[in-house]
Amino acid sequence: MSTRQTPQTRARDIDRVNTCARLDQAYADGQLDASEHREFVARAQSAKTLRELADLVRDLQPPVESVEVTPPAARSGRGRKSAWVVAAAAVAVTVAVVVSNGSDSPESGSPAPAGEAASADPPGPAESSTVAAVEPVRPLRPGGFQRVVDSYRAEFGDTIAYEVILYPERAAAGRALPEAPDRIVPYTFKGGWERTNVPASSRFPGFRDFDAALVDAAALDDLIARAPGLLGAPEGVVTHVIIRDDGTPTTNIYVDYRNDLGNGYLKAGFDGSVLREYR
């Protein structure tokens, strides 16, 4: 029997899952607004053919690799915003230096600190100052999720969320408006929590708020490390984790196999027990 796929080929569950993951990333990147994300995810979940799925992501840009920088200490209010402006400037300078040196990637060399890259004459001892650096955000590394939860509690006074999403270098969360519980406000975390410019969206039917502190952080760290191997792709990489309660409190760990087989994900309970594998 022929295995050749055509646009009319019937979609599998994993094809729908992969498309929803792509839409989640596009929403996080700002390519889709909340209403578009809701509509497209619903269409992906009910798609019958590969053509229907392909049409949903046809005009999306692929995810981009971010350049790592260690920003100055983040502060609340105007100071924290200014710190990220400085960090963004440091990224631009670092990229320019890498290109001019003919390096293949930012990781191939150690970028100069922003102050040195911007000036041909580094300040002498009398002009130098000590700047406390913020530890880079690594939500998918051991201890990363716990840091996200601790920061969330410090920011909002509790750990109740509509959803929490972990990425390699940042996190995101949805939180219900106190005066309108069916309206969900998106926030992003890069060392501090900030409301995004994406408008509040409506709660999905059946989705409930959950207590992020009830997720076993150590078990989640362990499962993130083991997920590629559990899906039969030991060389794979975890791209993101979505934590939500759609009727069942679950953590969904998405893995890029780094080969022609594509992607898969694990659905697990808050205690780290694997409920289902999607390969």
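Modeller: Strands here are DSSP runs of E, at least two residues long, numbered from the N terminus. The model is predicted, and Gly 264 lies in one of its strands, S10 (residues 263-268).

Biologist: Is Gly 264 buried or exposed?

Modeller: A residue counts as buried under 20% relative accessible area. Gly 264 has a relative accessibility of 2%, so it is buried.

Biologist: Which residue is 33 residues from Gly 264 in sequence and 7.1 Å from it in space, C-alpha to C-alpha?

Modeller: Residues up to four places away in sequence aside, Gly 264 touches Ile 14, Asn 18, Leu 231, Ile 253, Tyr 254, Val 255, Tyr 257 and Tyr 278. Among these contacts, the residue with a sequence separation of 33 and a C-alpha distance of 7.1 Å is Leu 231.

Biologist: How many bridges join S9 to S10?

Modeller: Strand S9 covers residues 249-256, and six of its eight residues are buried. S9 and S10 run antiparallel, with Asn 252 opposite Lys 267 in S10. The number of bridges joining S9 to S10 is six.

Biologist: Which residue stands opposite Asn 252 in S9?

Modeller: S8 pairs with S9 in the antiparallel sense, over eight bridges. The residue opposite Asn 252 of S9 is Ile 242.

Biologist: Which residue takes a positive phi in the hairpin of S8 and S9?

Modeller: The hairpin has three residues between its strands. The residue with a positive phi, near 120 degrees, is Gly 247.

Biologist: How many salt bridges does a search of the whole structure find?

Modeller: Asp 182, Arg 203 and Asp 209 are linked in a network of salt bridges. In helix H1 (residues 13-29), Asp 13 and Arg 16 lie three residues apart, about one turn of the helix, and their side chains meet in a salt bridge at 3.1 Å, N to O. The search of the whole structure gives 13.

Biologist: At what angle do H1 and H3 pack?

Modeller: The axes of H1 and H3 are 10 Å apart, and the helices pack at about 5 degrees. H1 is therefore roughly parallel to H3. H1 contributes Asp 15, Arg 16, Thr 19, Arg 22 and Leu 23 to the contact, and H3 contributes Leu 50, Leu 53, Leu 56 and Val 57; these divide into five nonpolar, one polar and three charged. The angle is about 5 degrees.

Biologist: What is the relative accessible area of Thr 49?

Modeller: Thr 49 sits in the loop between helix H2 (34-46) and helix H3 (50-57). Neighbours within four places in sequence aside, Thr 49 is in contact with Pro 7, Gln 8, Thr 9, Arg 10 and Ala 11. Thr 49 is buried, and its relative accessible area is 18%.

Note on methods. Residues numbered from 1 in each chain as written. Predicted model: local features only at pLDDT ≥ 70, side-chain atom pairs only at ≥ 80, totals over all residues. Heavy atoms only, no water. Salt bridge = Lys/Arg side-chain N within 4 Å of Asp/Glu carboxyl O. Helix = DSSP H or I, 4+ residues; strand = E, 2+ residues; numbered from the N terminus. Buried < 20%, exposed > 50% of the residue type's maximum accessible area, 1.4 Å probe, protein only. Contact = heavy atoms within 4.5 Å. Axes fitted to C-alpha atoms, helices over the stretch in contact; angles between N-to-C directions. Parallel < 35°, antiparallel > 145°, perpendicular 65-115°, else oblique. Nonpolar A, V, L, I, M, F, W, Y, C, P; charged D, E, K, R; others polar. Pairing = 2+ DSSP bridges.
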